[in-house]
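Hi everyone, thanks for coming.

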Amino acid sequence: MIAAGSVKVCVFDAYGTVFDVSTMAELFRADLGDKADALFKHWRRRQLEISWLPGRHQAAADFWRVTDEALDETMTAFGFDDRGLRARLMESWLCPRLYADAKPTLLRLRQAGFANAILSNGTQAMLAAGAAAGELEPVLDVVLSAAAAGVFKPNPAVYKMVMDHFGVAPQEVCFISGNTWDINGGALAGFQTVWINRDGIRPDSPPRGTQSTVATLTDLPTLLGA
């Protein structure tokens, strides 16, 4: 369990934690038909895989380029060649839907005196657009992009940006993510970690480095004593 009394800053991953990327396929079902779900899963997987390749786009940590390259591969694999559709698919990353529990949780934590941040591989433009679309600015202190560190998570330099920005020790940070690899990265950085297991996957086998597990973000304030 996390030591809630020592937490000063709550840091959230973006995609899959605050932004619900699993619903993107619904917006394009008319265009993609019965391939929509499989295409988006493939695209998301390739997006992550490309970001993890040593040296691939790492010089600028440009997640928009990574997303673009992953989409090219995915559309080819699924037999789509429509420039207009491609443009709309890319634009969907600028206005992702929020999980219903995201904004109320951030507000409750803010009211309890915690600082709130997003830490993501997304570019600053992608994250700013998503935060604006979800009207999250009033409940966030800062949005931190891996691009500022020049590398992608799970590189330790990305997580270090939190300590540099807030002037806190790692153990004063509660890091929340729905991505197993990200939880491990946060734990290695010294953060207190909370895995959000929205899908009920392997509830008895959390990712390495997990200190607490919640089913929804709604459970987080209680866990932190807010």
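Which residues does Ala 131 touch, not counting residues up to four places away in sequence? They are Phe 19, Leu 136, Glu 137 and Leu 140, where contact means heavy atoms within 4.5 Å.

Before going on, a word about what we are looking at. This is a predicted model, in which local features need pLDDT of at least 70 and side-chain atom pairs count only at pLDDT 80 or more, while totals for chains, interfaces and linings use all residues. Residues are numbered from 1 along each chain as its sequence is written, and side-chain values use heavy atoms, with hydrogens and water left out.

Back to Ala 131, which sits in helix 7. Helices (H or I, at least four residues) and strands (E, at least two) are DSSP runs, numbered from the N terminus. Ala 131 counts as buried because its relative accessibility is 4%. Buried means under 20% relative accessible area, exposed means over 50%, and partly exposed is in between, using a 1.4 Å probe and protein chains only. From C-alpha to C-alpha, Ala 131 is 8.3 Å from Cys 95, though 36 residues separate the two in sequence.

Now move along to the loop between helix 7 (124–133) and strand 3, where you will find Glu 135. Glu 135 is not a glycine, yet its phi is positive, at about 55°. Is Glu 135 buried or exposed? It counts as exposed, because its relative accessibility is 52%.

Next comes the loop between strand 3 (142–145) and helix 8 (156–166), which holds Pro 154. Look at the peptide bond joining Lys 153 and Pro 154: it is cis, with omega about 15°.

That brings us to helix 8. At its start, a side-chain oxygen of Asn 155 comes within 2.9 Å of the backbone nitrogen of Ala 157. The buried residues in helix 8 are Val 158, Tyr 159, Met 161, Val 162 and Met 163. Their cover includes strand 1 (9–12), strand 2 (115–120), strand 3, strand 4 and helix 9. After helix 8 comes Gly 167, with a positive phi near 65°.

Let's stay in this area for Glu 172, in the loop between helix 8 and strand 4 (173–177). Glu 172 counts as buried because its relative accessibility is 18%. A polar atom of the Glu 172 side chain lies 2.8 Å from the backbone nitrogen of Ala 169. Leaving aside neighbours within four places in sequence, Glu 172 is in contact with Ser 6, Val 7, Lys 8 and Val 9.

My last stop is strand 5. Why is strand 5 (residues 192–196) largely enclosed by the rest of the structure? Because five of its five residues are buried. In a regular strand, side chains alternate between the two faces of the sheet. Here, Gln 192, Val 194 and Ile 196 are buried on one side, and Thr 193 and Trp 195 are buried on the other.

What about its partners? Two strands pair if DSSP finds at least two bridges between them. Strand 4 and strand 5 run parallel and are joined by four bridges, with Ser 177 opposite Trp 195.

Technical notes. A polar contact is a pair of N or O atoms within 3.5 Å; within protein, one must be able to donate a hydrogen and the other to accept it, and residues adjacent in sequence count only if both atoms are side-chain atoms.
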